[in-house]
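Trainee: I am new to this one. May I put some questions to you while we look at it together?

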Amino acid sequence: MEYNFREIEKKWQSFWKENKTFKAENKSDKPKYYVLDMFPYPSGAGLHVGHPLGYIASDIFSRYKRLQGFNVLHPMGFDAYGLPAEQYAIQTGTHPAVTTKKNIERYKQQLSKIGFSFDWDRQVITSDPAYYKWTQWTFIQLFKHWYNNKIEKAEPISDLIKEFETSGNKNIDAATSYKDIFSAGQWKSMTEKQQQKILMEYRLAYLSDTMVNWCPGLGTVLANDEVKEGVSIRGGYAVERKLMRQWSLRITAYAKRLLEGLDNLEWSDSLKEIQRNWIGRSQGAMVKFEVKNCFISDEKVFIDVFTTRADTLFGSTFMVLAPEHELAEKITTPEQKSKVEEYISWAKNRSERERLTEVKKISGVFTGASGINPANGKEIPIWIADYVLSGYGTGAIMAVPAHDSRDYAFAKHFNIPIIQVVSGGDISEESYDAKQGKMINSGFLNGLDVKEAIPAMIKKIEEMKIGYGTINYRLRDAIFSRQRYWGEPFPIYYKDDMPYTLDEKELPLELPEVDAYLPTEKGEPPLARAKEWKTKQGYPLECNTMPGFAGSCGYYLRYMDPQNNEEYFSKQANEYWKNVDLYIGGIEHATGHLIYSRFWNKFLFDLGLTSKDEPFKKLINQGMIQGRSNFVYRIKGTNTFVSFNLKDKYEYTPIHVDVNIVDNDILNIDLFKSWRPEFADAEFIFEDGKYICGSEVEKMSKSLYNVQNPDDLIEKYGADTLRMYEMFLGPLTDSKPWDTHGIEGVFRFIKKFWRLFHNSNNDFEISDEKPNNKELKILHKTIKKIKEDVERFSFNTAVSSFMICVNELSELKCNKREILNELTILISSYAPHIAEELWHKMGHDESIAYAKFPVLNEEYLKENTVVYPVSFNGKMRFKVELDVNMSKEEIEKTVLNHENSQRWISGKTPKKVIIVPKKIINIVI
């Protein structure tokens, strides 16, 4: 019969679903293997062909590990909270749960059509109360714990309170913003509210006033990656920096462990480097600068500065505060007040990305105040400038213009003195930033090398009691509040304006109904609209919701035990699965998600809940499938379109056109006219009777009309063809353009593979005849190559190997069971539907998913024969295949007696026979 992929694929997808073929058990005699995909956000647009790339790769590997005898966990779920559903709800009044459910159903249908081996019984949806109950539960644990720097581990707040009650906080080394020292007596004399305020500064989940990206248009705080060039990525609304009371997670407590943990992970060097830079470890010193003649509450004012170059302290000629610094306005003199306020108002609305990248744009304002350089006692002016960020260090710098390029540019612009303190550079033109040279103009440091001067200066700072050596991290605590409706509610209520956690028995705290998904008239978050949004005792509940990333922090753990109503996951399940063996996802999550989830896991590890400190053992970032856009060219002022190679004769406007009405860059005129009303009466200037479109490789996007729906391709070619073609496009980790033109070749290959099992009448027919050495060599060469390629994730070369194998077997007209049985198992990871069909046609009852991966026999790969080119008087006339072990005498005799030799010898006696073993034979006549 003909290869009917539509019927075959539906048949096996139904079979897998009904028989739960890919169900993973939490207990097995088999070794375990956990394969995880970064789960999708279910948008209304559905999947395009770029989305399944990583899923196909992980599915191939999952199926491969099953064939190798592993108990494979390969789950799927949906990251269901987010702004798109909420914005749609605001526009239409439709509850986000309704649109989210609809979108999830569509995604599942599309994913099922591609034939993924997911264990759907383990599905998690982050907006499901049964799931986010455990997100809320983890938040409560974070609230109830602090980080003990001495043992580098989270400990219960209850233990910290006991220490406060017996010894105060003098012996505590914690990750905290709290600086004051109090005794046990002082602690006991405090009110409950005072105690709670202090504890808040120790908790791993804490409430504080924080600078955030506030978007009035969306009515919510945005993460840094949701903002670009001062506007929201979604909607393009203006974003401003604003001080707001927010929940945060004290991720910085784990900075050292997050950094050190990278050394033991099987991640790419580039990905590890991105994380290292994000965490940003710096060794240096914290130094106190006194503000001259400035007092707050009758106490002198000091500005703390972190520096990695304590050796250059003598060269500090001014100080700079970030616009958000708490002292920025407090130390400003009356004369400068209006200028400073104006500058801060302007600067706070600029994104950090702009402030870091616009190095040529210099701006700043003088506060009127001066600091005292503690190294030499000299007065130095204190400025405010947006090139200093509040989140790194202390939000204040000691500017050393001779040895820092941005300080140098600022000093030149504002005519501030520049003093060189490290020899070796010419500071008349630029700063000398190198960390080498002898110290000059630096008092007791003069003559020392930089490497000697840094520890010497730190020692002096500590002796003077104006600072200390320390390690600083660029990593910042994660802001965990959003002023949205569609997110996890916080399990928090307020008493006397202080937050307390709900009893764990009251979880999940579900989202309430509201009359609108907008902030209230007072500017409160949407949950403030809910009626009776308070505890049974009448205490008000938190109105903010958790951010979009909250649900993805620990979803990989819930997959281990998703039906457990009593625990996040059982100890037994976690000790069996341990952690993720292979994680595949996009590089865009290199910082946010991966940092947050690693922190989440390490915290649960501290609580003894997870058996592994790191959640993801091996991680691969798949590349992006880019869209291949097409363009038509409209002559300006007309509705006439000129073909690509003729366009330069006219003034024209390029317009994106739907790639689905273009075939190999040739526009379908009728479909174009019906595509949009304004093109109904379009006219065309053709070349050779055709309209040729231009093309360009861009991001795949609906707005660029270059999105290809996988459903259309599956309908036309089948899922197996789509799977193999996406892998065939190029290396998994590379970005590559999508081109449907090439899919035809893969489709022809699939049909050619099918024909190996069928005779000329399209009847299924395989032979039980024993294969010959040539056939066995082809098979085992393929086994070796496929195994090597899968294990190094070189799926594109594996597809090529299948094509070569099928071509060679087709030439030999091989339909032998012993060969085709093993080849079907090999290809089943890539093209599972056709493989299942042929496997069952060969008489197997069980699914091919649990067959045994073919065993490689190296004996068949040994070269037993050599193909010699036979030449007469230096000209090659024919080839002959001979046993590799034949002697020269045997080779000569065999070749001279060969029927093809006789016509060239023509009865003559050869003068000489030259034989180069395993290479050539030349007969001289």
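Trainee: Where in the chain does P508 lie?
Mentor: This is a predicted model. A cis peptide bond, with omega at about 0°, joins L507 and P508. P508 lies in the loop between β19 (498-501) and α15 (555-558).

Trainee: How many helices and strands does the secondary structure of the chain come to?
Mentor: The C-alpha atoms of the chain fill a box of roughly 120 × 70 × 70 Å along the principal axes. The secondary structure within the chain comes to 27 helices and 33 strands.

Trainee: What share of the residues in the chain is buried?
Mentor: A residue is buried if its relative accessible area is under 20%. Among contacts in the chain with a separation of 6 or more, 71% are between residues 24 or more positions apart. Of the 925 residues, the buried share is 53%.

Trainee: Is N762 buried, exposed or partly exposed?
Mentor: N762 has a phi near 65°, which is positive in a residue other than glycine. N762 is placed in the loop between α21 (743-755) and α22 (773-791). Its relative accessibility is 23%, so N762 counts as partly exposed.

Trainee: And K918, is that residue buried or exposed?
Mentor: K918 is not a glycine, yet has a positive phi of about 65°. The loop that holds K918 runs between β32 (912-916) and β33 (920-924). Because its relative accessibility is 55%, K918 counts as exposed.

Trainee: How many disulfides does a search of the whole structure find?
Mentor: A disulfide is a covalent bond between the sulfur atoms of two cysteines. The sulfurs have to be within 2.5 Å to count as a pair. A search of the whole structure gives a count of 0.

Trainee: Is C294 buried or exposed?
Mentor: The cut-off for buried is under 20% relative accessible area. C294 has 12% relative accessibility, so C294 counts as buried.

Trainee: How is α23 oriented relative to α24?
Mentor: The axes of α23 (residues 795-811) and α24 (residues 817-827) come within 12 Å and cross at roughly 160°. An angle over 145 degrees counts as roughly antiparallel. Therefore α23 is roughly antiparallel to α24.

Trainee: By class, which residues make up the contact of α23 with α24?
Mentor: α23 passes α24 in a left-handed crossing. From α23 come F802, C805, V806 and L809, and they meet I819, L823, L826 and I827 in α24. By class, this contact of α23 with α24 has no polar residues, no charged residues and 8 nonpolar.

Trainee: What is the orientation of α21 and α23 to each other?
Mentor: The axes of α21 and α23 come within 10 Å, and their crossing angle is roughly 45°. The crossing of α21 and α23 is left-handed. The contact involves V746, F749, K752 and F753 of α21, with F802, M803, V806, N807 and S810 on the α23 side. Its residues divide into 6 nonpolar, 2 polar and 1 charged, and α21 and α23 are therefore oblique to each other, as their angle shows.

Trainee: How many charged residues are in the contact of α22 with α23?
Mentor: The axes of α22 and α23 are 9 Å apart and pack at an angle of about 170°, so the two helices are roughly antiparallel. Residues of α22 in the contact include K781, K785 and D789, and E808 is among those of α23. By class, the contact of α22 with α23 has 8 nonpolar and 3 polar residues, and the number of charged ones is 4.

Trainee: Which residues is I279 in contact with, leaving aside its neighbours within four places in sequence?
Mentor: I279 lies in α10 (residues 269-279), and I279 counts as buried because its relative accessibility is 0%. L259 is 20 residues from I279 in sequence, and their C-alpha atoms are 6.8 Å apart in space. With those neighbours left aside, the residues in contact with I279 are A255, L258, L259, Y473, R474, L475 and I595.

Technical notes. Residues are numbered from 1 along each chain as its sequence is written. This is a predicted model: local features need pLDDT of at least 70, side-chain atom pairs count only at pLDDT 80 or more; totals for chains, interfaces and linings use all residues. Side-chain values use heavy atoms; hydrogens and water are left out. Helices (H or I, at least four residues) and strands (E, at least two) are DSSP runs, numbered from the N terminus. Buried means under 20% relative accessible area, exposed over 50%, partly exposed in between (1.4 Å probe, protein chains only). Axes are lines fitted to C-alpha atoms, for helices over the stretch in contact, and angles run from 0 to 180 degrees between N-to-C directions. Angles under 35 degrees count as roughly parallel, over 145 as roughly antiparallel, 65 to 115 as roughly perpendicular and the rest as oblique. A crossing is left-handed if the near helix is turned anticlockwise from the far one by less than a right angle, and right-handed if clockwise. Contact means heavy atoms within 4.5 Å. Ala, Val, Leu, Ile, Met, Phe, Trp, Tyr, Cys and Pro count as nonpolar, Asp, Glu, Lys and Arg as charged, and the others, Gly among them, as polar.
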